[in-house]
Every structure is written in structure tokens, then in C-alpha cells.
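Subject: Structure handover

Hello,

Here is the structure we talked about passing on. Please have it open while you read the notes below.

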Amino acid sequence: MALSFIDWFIVVATFFLMVYGVVFSKKYMRGVVDFLAAGRTAGRYIISIAMGMAMLGAISVIGEFQLFFKSGFCMKWWELSMAMAILAVTVSGWIVYRFRQTRALTTAQFFEMRYSRKFRIFSGILAWISGIINFGIFPAVGARFFIYYTGIPISFPVFGIEVSTYVVMMLFLIIVALSFVFAGGQIAIIIADFIQGVFTNAVFVILILFFFFTFDWSQIYNGLIHAQTAPNASLIDPFKTGQVDDFNFWYFIIGLIGFIYNFMSWQGTQAYNSSAKSAHEAKMAQVLGNWRNYPRNLFLVFIPVIAITVLNNADFAPVADKVNAVLHTVGSTEIQTQIRVPLVLRFILPTGLLGAFAAVMLAAFISTHDTYLHSWGSIFIQDVIMPFRKKPFAPEQHIRVLRFSIIGVAVFVFFFSLLFKQSQNIYLFFAVTGAIFVGGAGSVIIGGLYWKRGTTAAAWSAMITGSGIAILGTVLTTIYKDFPVNGQWFWLISMVGASLTYLLVSLFGKESVHDMDKLLHRGKHELKGEMKIVDAVPAKGWKVLGMGKEFTKGDKFIYIISYAWIFLWTAIFLIGTVYSLTHDVEDYHWLTYWKYYVFIYAVVSAVVLIWFTIGGVIDMKSMFKQLAVMKRDVTDDGFVVREENEE
């Protein structure tokens, strides 16, 4: 095995720390709203860290490794061009603020409140199908990582019969994640994900600094230059990337459009959308998410760059030979791309750090699996089964059927991973399978929250259009491996088609005006305790910057430093772009820029780690205190009492 006793000790100790957090939180789960949304008691820091961990996942780490192994540093430059747009989305509270105002426990419940019960059922089925197919490859990718990274045998004998380690590993990891969900629902998930998130970010910072100071940048330069497959497929110069397959400039542009259009559309982490203790806290958690991502984002680009260096620089030929020897034992090209970077880490990390990264991947696997099991199991009950009922479940019965549904999802993803053969990159598979729901959902969510004239007919039309295009893309890219339009482009087509359909049907169909104040609990419908007023009449300058009457001095400080940081990097991007377009910039100059980029973000990541850990611990204490004394409303379970209003 590749891991020593010390490495395994780190993995086991991390695992039991997560278990302790789950067991401790179990006693606070006392009702349906606790199981589904942590009683709506979570603060900004604990949501930011826990949700970030839930969105990471072992499969996301592998997917990012695939992406940046192909693109190198270059995509990070184009991310700077979009930083202002992303900041604008988060500081404005785009989608997240208004959705939390509705107090819906799922997106499809909001659809019933805004459109109709039948549309809730349809969209719930669509979200569930899209989600469990998308989720279906998670166990397989995670299990393969642990087998190849730790170096454990691919099979072992049991009573004379060879048993597949791959199957056993998948089963074990799914059962662990399942036990976390059963223990305390969303409360247990948030606590476990928070603990994992703090640990993971700490390891990310340590590994970044380790490689920064142990690798010579001349070695990195030579490795990246030798890895370049074509004159216009640079891994260093972002202005020479036209021939990078799949993960190029257009992949990123489509991703940005999708980020705005599909903000909160994807339901894999749907419980987090409802768990904040107020709409303002939900908004602040999204703003803080810009900072939370820095350790993760830097790690996920820098580690593939190190792997490229090891595999393409003669100084590391012995390590490259070991990696290639293992890769040659794997028949599938797609699987080879998944385990390539982890194998490099297996052969170059020292004792201690080897185990720390294994512990990170275990935490990432569990965090995504417990969250996704909870999400898709809950959506099936809340949005597919419950709307057919004439009366809500009794609380105990409700939690029981939720757990049965979660078990069903676990069984499905186990067998899907066992039988499905991947034919494309992880992120391209995500794009096209996710678009089955989000292709149409973005327009329906945006229209429903921001436009009183959006109609039920438009919602149906947009969802069917977007999903139909995505399903077509799924079929074509699965049957034809080299189909000229990949999953990312099908995602864009589905978004455009759904948006145009929603707009045209609303404008030219039967006119309908929805009561937005009632939907968003504003005016005479305002609920006591949902909004804490700090400054009843905020200064005009603060309002222009998105800071309204709920903002404390601390909130304003967070916004100001967020603006300042993004403005700084946007200026660097603009100046660098103009200079690069008017001058011939050598590759070694670009590498000098990337060296300073990595160092600066590493320092900022260390500060963020300390800042968010302190804030998260304070939030966790406040959350437990509120859960211990709050009175549960048994009717707050996602069941919508209303007259059927179909169009």
C-alpha cells in the first residue's frame, strides 16, 4: 500500500472527528423542518463553509483535475474577466434573497406557490431524474480514487472467492454517507460538512505552500512547455488557447452564462438554499462564498500544474514512469484521465501529507454524498409524492418516508455506478445531465421571482423546451463519443431556448399578474422576525453598492473589501489584456505572473481559513442554542394549502 501507518491514522482520526460532530448534533433534530432545512437556523459562515464543502466532493476534485490538466493556468486569467459579474450576482442577493423570502423548502415547492401544483410535480420529477442520473457516477469515481491513490489491491479473497475492492469500497462509502443523513438530516449534514470544510481548506493551504516552496519554477516552466501539444494550446499564455480541446475559452464563457442563469437552479444542495436563519444571512453567505472558494480554487489549478510538470519534465522521469506503469493497467482512457493527477500525488507526497490528502478526499466524498442523498431523497417525497396527497404527512411518518426515499437513492446510485460506462469527461457529463432540469429551470426561477407577469403556461413551455434540448444532447453525446457538439454547448442551447420560450409565451399568452408581495412575504404579508432592521434609511451611497437597511458595520466592511479585491484584479486583467494584445509577451513572463498569483492567493487563503473558522464556530454555537429552545411548527413541512389554479 502507498499509505503508511501515520497516513492511515490521519484518515481514521479525521473520519471519527466527523462522526463525533454528527452524533453530537443528532439530539437537535426534532421535526421535519429540522430534517429538511436545519430549522432555518444556520448563520452565514457555517452555511458558506458547509455548502462549499458539499459542492466540492471527491468527484469535483477529480473533475477539476481533468479540466486544469488540459488547460493549465490559462483559464484562471479568463476568470478574472468575469469576476465583476460574479461579484455583482452575489452582492445583489441574486435569486438567493428572494427565494429565502418565500420560505419554500424546495425549489419545486416555490413552483407550486408561484405557478401550480401540477407544475410542481412535473418539475420535481424532472429535477429528481436529472439529479440521480447526474449523481449516478459519483460513487464510482470516488471508489476508483481511493483504490489507485492508496494502492490497495483491486480484489481480495473471501472464502476462496475473489471479491472486487471497487464494489466493496463503493458500498462502504455510500453506507457511511447514508448513516450521516439518517442521524440528523440537514442539521447533521451541515455540522459534518462544516468540520470537513475547515479541515479540507487547511490541508489545501498546506499542500499549496508545500509545492510552492519545494518545486523550482524553472522546472514548472519546462514541464508546461513540453506538455504543450500545439502552438495555440498553451498552458501558460491565456491568449494562445484556441486549440485546447473542450476546456477552452468558450467552455468558460458558457459556464459564466450558466452561473447567472442557473444560480440556485441545481438541486444537489437544495437544503442549503432554505437553511439560513434569514434572507439577509443567505445573501451574506453567498458573498462570503467568493472568499471561501480561494483556497479550493487555487489548489485545484496548482496541483494539476504540478502533475503536468512531473509527467513532462525529465527531472521527474522516475516518478512519471511509475505513474505511467499504473495507467497502462487501466483499459479505459476516461478512467486514466481521472486517476492521473492523484497518482502523481501518490508518488511525490511525503508521509503525513499523503494521508492528509486521502482524508480530504474521504471528507469530500462523504460531504457530497450525504448532501446529495438528502437532496434527491427529499425532493422525491416533497415534490413528487406529497403534492398528490390531500393532507400532509404526520411528522413522524414524514421523516420515516424521507429516510426510505433516501435509501432508494443510495441503492440506485450504487447500481448505476456499477453498470454505467463513462464515455466523456466528468464535467461534460455534469453539464448535459444537469441540463435535463436546469436547462429550463433557470428561466422559470428568474421569471417567477422577478417578473409578476410570468405565467404558468410559460413555465411549462420553458421547462419542456430546455429539458428536451438537454435530453437530446444526453442521447447524442452518449451514443456518439465524438459528436461535434459537446455537453457544454448543449447546455447553452437549452438555456437560450428556454429563456426565449418563457419570455414569448408570457408576453403573447393569457395575461396574468401574480401577487409578489404575498409570495415574498412583503408589506402586509411580512413575517415577524424575518428581517432585522439596522438602518431604516440607509445612505444613498450604501444602497448603490447593494447595502440596504439590514446591513451592520461588519456587513459593510465585508462588502467593501470584496469590492476592493475584485476591482484590483479586474484592473490587472484589463491592463494585462491590453498589453498582451499590443506586445509579444514571452512565456517565461507569464510564468512569473503565475508565480506571484499563486503566492498572493496562498497568503489570502491562509487568512480566509482563520477568518471563516472563527466565524463558523460562532455560528455553530448560535445554531445549537436556537435549535435547543425554538418551538417547531408542525405545519412547516413543505405542504402547500391552496386552491388549484392551473392554466
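This is a predicted model: local features need pLDDT of at least 70, side-chain atom pairs count only at pLDDT 80 or more; totals for chains, interfaces and linings use all residues.

The side chain of Arg120 makes a polar contact with the backbone oxygen of Gln382, at 2.8 Å. Arg120 also has contacts beyond four places away in sequence. Among them are Thr106, Ala108, Gln109, Phe111 and Glu112. Others on the list include Asp383, Met386, Pro387, Gly638 and Val640.

Next, Ser375. Helix α15, residues 353-385, holds Ser375. This residue is buried too, because its relative accessibility is 1%. A polar atom of the Ser375 side chain lies 2.6 Å from the backbone oxygen of Gly268. Leaving out residues up to four places away in sequence, Ser375 touches Gln267, Gly268, Thr269, Gln270 and Ala271.

Now the cavities. The whole structure has 7 of 30 Å³ or more. Helices α3 (44-71), α9 (165-214) and α12 (279-312) each give two or more residues to its lining. That lining includes Ile49, Met53 and Leu56, along with Thr200, Asn201 and Phe204. Arg292, Asn293 and Arg296 line the cavity as well. By type, the lining residues of this second largest cavity are 4 nonpolar, 5 polar and 2 charged.

Best wishes

How values were computed: Residues are numbered from 1 along each chain as its sequence is written. Side-chain values use heavy atoms; hydrogens and water are left out. A polar contact is a pair of N or O atoms within 3.5 Å; within protein, one must be able to donate a hydrogen and the other to accept it, and residues adjacent in sequence count only if both atoms are side-chain atoms. Contact means heavy atoms within 4.5 Å. On a 1 Å grid over the protein atoms alone, a cavity is a set of points where a 1.4 Å probe fits but cannot get out, and a pocket is an open set with protein on both sides within 12 Å along at least five of seven lines; lining residues have an atom within 4 Å of a point. Grid points are joined across faces, edges and corners, and a volume is the space filled by probe spheres set on the points. Helices (H or I, at least four residues) and strands (E, at least two) are DSSP runs, numbered from the N terminus. Ala, Val, Leu, Ile, Met, Phe, Trp, Tyr, Cys and Pro count as nonpolar, Asp, Glu, Lys and Arg as charged, and the others, Gly among them, as polar. Buried means under 20% relative accessible area, exposed over 50%, partly exposed in between (1.4 Å probe, protein chains only).
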